[in-house]
Amino acid sequence: MTLRLRLSLWYGALFTLVLIGIALSSLTISVRENYLTVDRVLQGSARLVEQGILSYGRSYWLETDTTEPLNEGIVLVLRTYDAKGGLMYRSVTDPGLPETRPEDPLHAPAPPAYLDVLPLRLPGTPAVDRGAGAFGTLRLPDQRWRRYVIEVRKAGKTVAFVEALTPLGRTDATARRQTRDLVKLTVLSVALILIIGWALAGAALRPLQALIGTARSISHHRDLSRRVAPPGGRDELGQLAVTFNDMLGSLESAWASQQQFVGDASHELRAPLTIMRANVELMRRHPHLSAEEQQEMLADMDREVRRMSRLVEDLLLLARSDAGDNLYLQPVDLAAVTREAIRDARKLAFEHTIDLQGGDRAAPVRAETDRLRQLLLILLDNALKYSPPASAVTVRLDAVPGGWQLCVQDRGPGIPAEALPHIFKRFYRADPARQRDLGAGLGLAIAEWIAGQFSARLRVARTGPDGTTFCVEFPALDAPVGPAVVPAPGQADPVT
């Protein structure tokens, strides 16, 4: 079932319930009032006869010719009975109705007459005060007659009974006609509201249809550059269209980044594989190469295998970042890890010196020791690569408001201004001509992700002809140093 059909049916069902409730209430009130009017006329007429009997011993009302209906359209029949229930007088309007037992309604009053036509009792149904009398219903083959009987008492004794009757045929027919008209009007109204609801739902969902069509087209043609034209209003559908366009923009950017990532990764992996394949092919075709030449080829292959292994490890780490994996964090001493990272870096810094400033006191932060060391080694490795021989790399650890700041300063040529917005992108190198010497261009992307995991901020503090300074700002650790696990901070996206 489509959403448009469901909305139309929901609107139709709701309108039907409201309409039926209002219509039944109105019909009940109208029909009930008609029957109560009949009861009031019977009661008033019977009391006039009762007053005449009590005052004069007889009632001239019985002798009045009331063959014409009263103002309310009611034909009235009046009869009196003696104390024993014998018929004494009847009005000239009596069409020959059978005699009744006048005391029967007094012993068992009849319910309201409208219940036989419209059996719906509303709260607070008004009733006619029957006084000393009671209502009854006389059922004849052609129609019902409503009657009201009063017991006339004088000096504490029953002297007579007064009975007022009127036919209910016209009132019953009117009630049934009103019911039929109400059913017809309700059916027509429901059909009309379903048609209107169908049209309104279609108009309201037209932007959604456009969105579905665009999504199908994108799925079929894989054209992420398509966009949905937002409707003019600022309703939920307009917000959905804007959100859908934003999602398409993100998908398009992610797709382009993925394509570039796959292409760059393939290029980086192709180079070592080509070198290893060439060396293997050369050794296979020339098995009599000298031991020195073979050792040189094996050294080349070993170097390329190590380089490819590092690249694969870096790619797996970045894949973890894309998957939203979080690191296991606990309080560690940033100063101690920094000293360990410098000792490791000095093993490769044959032509450089590494100076540590401010690392003589504990600097507790929340991090993962291995990844923190990797972050520091990435910054140190970059500083050593870009610094000229016999120069010094400076590492400075300072306490700052709200945490700690670790800076690594090299003596390199600096980063060009046009390259600064891209240095944290994967596979980006400001100097592509030296890509074999400077690595695959994944280090800073990994460093930024690791820093984000620690709720830290990695930035370029300064760059120029006399060198570049990278700084990492760590938030302060409020808990005491010791084993602890806290929810991992938000992931930093290395792709900008």
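Predicted model: local features only at pLDDT ≥ 70, side-chain atom pairs only at ≥ 80, totals over all residues.
Visitor: What makes R462 and D466 partly exposed?

Guide: Buried means under 20% relative accessible area, exposed means over 50%, and partly exposed lies in between (1.4 Å probe, protein chains only). R462 has a relative accessible area of 32% and is therefore partly exposed, and D466, with 47%, is partly exposed too.

Visitor: How many salt bridges does the rule give, and which parts does the one between D172 and R144 tie together?

Guide: The count comes to 22 salt bridges. In the one between D172 and R144, the N to O distance is 2.8 Å. D172 lies in helix α3 (residues 169-204) and R144 in strand β4 (residues 144-154), so the pair ties together parts that are 28 residues apart in sequence. Helices (H or I, at least four residues) and strands (E, at least two) are DSSP runs, numbered from the N terminus. Both D172 and R144 are buried.

Visitor: How do you know that R459 forms a salt bridge with E473, and why is R459 called partly exposed?

Guide: The closest N and O atoms of R459 and E473 are 2.8 Å apart. This pair links distant parts of the chain, with R459 in strand β11 (residues 457-464) and E473 in strand β12 (residues 467-475), 14 residues apart. R459 has 23% relative accessibility and so counts as partly exposed, as does E473 at 25%.

Visitor: Which residues are linked in a network of salt bridges?

Guide: The network of salt bridges links R79, R90, D94, R147 and E163.

Visitor: Which residues form the nonpolar patch on the surface, and why is Y11 called partly exposed?

Guide: The nonpolar patch is formed by L5, L9, W10, Y11, L194 and W198, with about 570 Å² of accessible area together (Shrake-Rupley method, 1.4 Å probe, only the protein chains shown counting as cover for residues). Patches are made of residues with over 30% relative accessible area and no salt bridge, like charges being joined within 9 Å and nonpolar side chains (Val, Leu, Ile, Met, Phe, Trp, Tyr) within 5 Å. Helix α1 gives the most to the nonpolar patch, with four residues. Y11 is found in helix α1, and Y11 counts as partly exposed because its relative accessibility is 43%.

Note on methods: Residues numbered from 1 in each chain as written. Heavy atoms only, no water. Salt bridge = Lys/Arg side-chain N within 4 Å of Asp/Glu carboxyl O.
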